[in-house]
Structures are given as C-alpha cells and as structure tokens.
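Work through the exercises below with the model open. Try each task before reading its solution.

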Amino acid sequence: MSTFITQLLSSGELEKHIYTTLQPAYARRYKSMMTAIERYLLPLEVALPQMDRDVVGGYFLWLELPKPLNADAVAQRAKAEENLTIGQGPLFAVYGDEMKDLERQVRVCFSWEAEENLSEGIQRLATVIRKMLRHP
C-alpha cells in the first residue's frame with residue numbers, strides 16, 4: 001500500500017486529479033448551490049456569513065437564519081417535513097469558543113448530493129423557512 005501511495009504522490013497523478021476533476025466539479029456544485037441560495041433563501045433574509053463568495057474552499061456553506069428562527073428547530077422541521085438533512089450550527093460548536101454564535105446558523109453541503117438535486121434541496125429548505133417565519 002505504501003508503494004502505491006508513494007507512486008501516486010510522486011507521479012503527480014493525484015495532483016492532476018485534484019486540479020482537473022475535483023476542483024472543477026466542486027466549483028460547479030458551489031455555483032449551482034449559490035444560485036439557488038440567491039434565488040430562494042436571500043429573499044427570506046437568510047444571510048451568507050462568508051464575505052468573499054468568489055474564492056471558496058471546502059464542501060459546504062454556512063447560512064445564518066433570520067430572527068427569530070433557531071437552527072435546531074429548522075433542522076428538525078426540514079427533516080420531518082421535507083426529508084432534508086442540514087447541519088444545525090450547535091453540532092459544530094467547539095468547546096470554549098464562545099465567540100461563535102451558532103444558534104441561528106445551519107450548514108449545507110454541496111459535495112455529497114447529486115449536482116442536479118442541489119437547487120431542489122435549497123428550495124425545500126426555503127419552503128420550511130417560509131412556513132416557520134409565518135408560523136413560528
């Protein structure tokens with residue numbers, strides 16, 4: 001196994017795969033999700049805490065819910081009503097890091113689900129948020 005990994009790293013094939021396959025795929029997914037967020041969630045006053053939306057990394061986006069919504073409640077309703085799984089902010093809290101208020105933040109992943117389902121997932125989240133804003 002170590003010989004295989006050594007060859008993979010020294011040949012440049014891993015780096016090539018990252019640059020020619022993974023990065024373009026994740027960029028497309030990110031752009032697809034961002035388009036849906038801008039269309040369906042920003043009008044509901046959901047905010048994107050990320051300042052720079054052109055340069056990103058990772059596999060997910062953080063969203064800040066409008067007041068008075070709570071991340072735990074939104075995640076529970078999203079699962080129950082739309083069969084949609086999102087990460088509620090408190091799940092990602094780091095003990096001792098009180099500077100980050102995660103009670104109104106959720107995390108949505110763009111790397112796992114099929115690219116063609118990303119917009120639908122954001123629309124379903126918007127449906128839940130819209131209902132909760134009308135009837136908290």
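**Exercise 1. Layout**

In what order do the elements of the protein run from the N terminus on?

Solution. Note that this is a predicted model. Start with the inventory: the secondary structure comes to four helices and three strands. Now read from the N terminus: the order is α-α-β-α-β-β-α. Next, take the extent. The C-alpha atoms fill a box of roughly 60 × 40 × 30 Å along the principal axes. Then check burial: of the 136 residues, 30% are buried. Finish with contacts. Among those with a separation of 6 or more, 65% join residues 24 or more positions apart.

**Exercise 2. The nonpolar patch**

Find the residues that make the nonpolar surface patch, and say which element gives the largest share.

Solution. Step one: list the members. They are Met1, Phe4, Ile5, Leu9, Leu14, Ile18, Tyr19 and Leu22, and the patch covers about 790 Å². Step two: assign elements. Helix 1 (2-11) and helix 2 (13-41) each give two or more residues. Helix 2 supplies the largest share, four residues. Tyr19 lies in helix 2. Its relative accessibility is 49%, so Tyr19 counts as partly exposed.

**Exercise 3. Charge pairs**

How many salt bridges does a search of the whole structure find? Trace three of them.

Solution. The search finds six salt bridges. Side chains of opposite charge can pair when their charged atoms come close.

1. Take Arg104 and Glu64. Their closest N and O atoms are 3.1 Å apart. Arg104 sits in the loop between strand 2 (87-88) and strand 3 (105-109), while Glu64 is in strand 1 (residues 60-64); the two are 40 residues apart. Glu64 counts as partly exposed, at 26% relative accessibility.

2. Take Glu81 and Arg77. Here the closest N and O atoms are 2.6 Å apart. Both lie in helix 3 (residues 71-82), four residues apart, so about one helical turn separates them. Glu81 is partly exposed at 35%. Arg77 is also partly exposed, with a relative accessible area of 25%.

3. Take Glu82 and Arg124. Their side chains meet at 3.7 Å, N to O. Glu82 is in helix 3 and Arg124 in helix 4 (residues 118-134), so this pair ties together parts 42 residues apart in sequence.

Last step: look for shared partners.

Key: Residues are numbered from 1 along each chain as its sequence is written. This is a predicted model: local features need pLDDT of at least 70, side-chain atom pairs count only at pLDDT 80 or more; totals for chains, interfaces and linings use all residues. Side-chain values use heavy atoms; hydrogens and water are left out. Patches are made of residues with over 30% relative accessible area and no salt bridge: like charges are joined within 9 Å, nonpolar side chains (Val, Leu, Ile, Met, Phe, Trp, Tyr) within 5 Å. Accessible areas come from the Shrake-Rupley method with a 1.4 Å probe; for residues, only the protein chains shown count as cover. A salt bridge is a side-chain nitrogen of Lys or Arg within 4 Å of a carboxyl oxygen of Asp or Glu. Buried means under 20% relative accessible area, exposed over 50%, partly exposed in between (1.4 Å probe, protein chains only). Contact means heavy atoms within 4.5 Å.
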